[in-house]
Amino acid sequence: MNEKMIGRYVVVRASDAGVHAGILEECEGRSCVLREARRLWYWKPANGAMYLSGVATEGLDHSSRLGAPVHIYLSEDCEIIECTEKSAASIAGMPSYAG
């Protein structure tokens with residue numbers, strides 16, 4: 001694990017738990033802890049970007065659907081991608097989806 005990512009806003013894809021974004025507190029092996037974490041129920045990158053890396057660089061399109069911020073432990077992480085400041089602001093500022 002790259003210790004430089006601790007304290008940074010990241011996007012995490014977990015095998016069984018889907019995609020989450022938040023501030024990385026801890027990471028060990030294939031598990032991590034996020035604070036101010038948002039579950040990305042439906043995500044579409046902004047500005048025509050592609051894939052989950054596009055979310056990490058460009059942020060979210062307005063059609064995306066996110067859960068409310070929580071403190072979460074995720075296991076079976078597949079990837080952890082550091083977000084740009086622009087993307088972090090986009091994700092953190094998105095309203096929670098109420099269905």
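What share of the contacts in the protein with a separation of 6 or more comes from residues 24 or more positions apart? In this predicted model, such residues account for 60% of those contacts.

## Overall architecture

The protein contains two helices and six strands. Read from the N terminus, these elements follow the order β-β-β-α-β-β-β-α. The radius of gyration is 12 Å, close to the 13 Å given by the globule rule for 99 residues, so the protein is as compact as a globular protein of that length.

Along the principal axes, the C-alpha atoms fill a box of roughly 35 × 25 × 20 Å. Of the 99 residues, 42% count as buried. The accessible surface amounts to about 5,600 Å², and carbon and sulfur atoms contribute 51% of that area.

## Salt bridges

Six salt bridges are found in a search of the whole structure. One of them joins the side chains of R35 and E25, with an N to O distance of 3.4 Å. Because R35 belongs to strand β3 (residues 31–42) and E25 to strand β2 (residues 18–28), this pair ties together parts that are ten residues apart in sequence. Both partners are partly exposed: R35 has a relative accessibility of 32%, and E25 has a relative accessible area of 30%.

A second pair consists of R30 and E76, whose side chains meet at 3.4 Å, N to O. R30 is located in the loop between β2 and β3, and E76 in the loop between β5 (70–74) and β6 (77–82), so the contact ties together parts 46 residues apart in sequence. R30 is partly exposed at 41% relative accessibility, as is E76 at 37%.

K86 forms a salt bridge with E58, and their closest N and O atoms are 2.7 Å apart. Since K86 lies in helix α2 (residues 85–93) and E58 in helix α1, the pair ties together parts that are 28 residues apart in sequence. K86 counts as partly exposed at 46% relative accessibility, and E58 does so at 24%. Elsewhere, salt bridges with shared partners join E25, R35 and E36 into one network.

D61 is situated in the loop between α1 (51–58) and β4 (65–66). This residue is buried but has no salt bridge. The nearest side chain of opposite charge, that of K44, is 4.5 Å away, whereas the salt-bridge criterion requires the nitrogen and oxygen to be within 4 Å.

The side chain of D61 does make a polar contact with the side chain of S63, at 2.6 Å. Leaving aside residues up to four places away in sequence, D61 touches K44, P45, A46 and M94.

Technical notes. Residues are numbered from 1 along each chain as its sequence is written. This is a predicted model: local features need pLDDT of at least 70, side-chain atom pairs count only at pLDDT 80 or more; totals for chains, interfaces and linings use all residues. Side-chain values use heavy atoms; hydrogens and water are left out. Helices (H or I, at least four residues) and strands (E, at least two) are DSSP runs, numbered from the N terminus. Buried means under 20% relative accessible area, exposed over 50%, partly exposed in between (1.4 Å probe, protein chains only). Lys and Arg count as positive and Asp and Glu as negative; His and the chain ends are not counted. A polar contact is a pair of N or O atoms within 3.5 Å; within protein, one must be able to donate a hydrogen and the other to accept it, and residues adjacent in sequence count only if both atoms are side-chain atoms. Contact means heavy atoms within 4.5 Å. The radius of gyration is taken over C-alpha atoms; the globule rule is 2.2 Å times the number of residues to the power 0.38. Accessible areas come from the Shrake-Rupley method with a 1.4 Å probe; for residues, only the protein chains shown count as cover.
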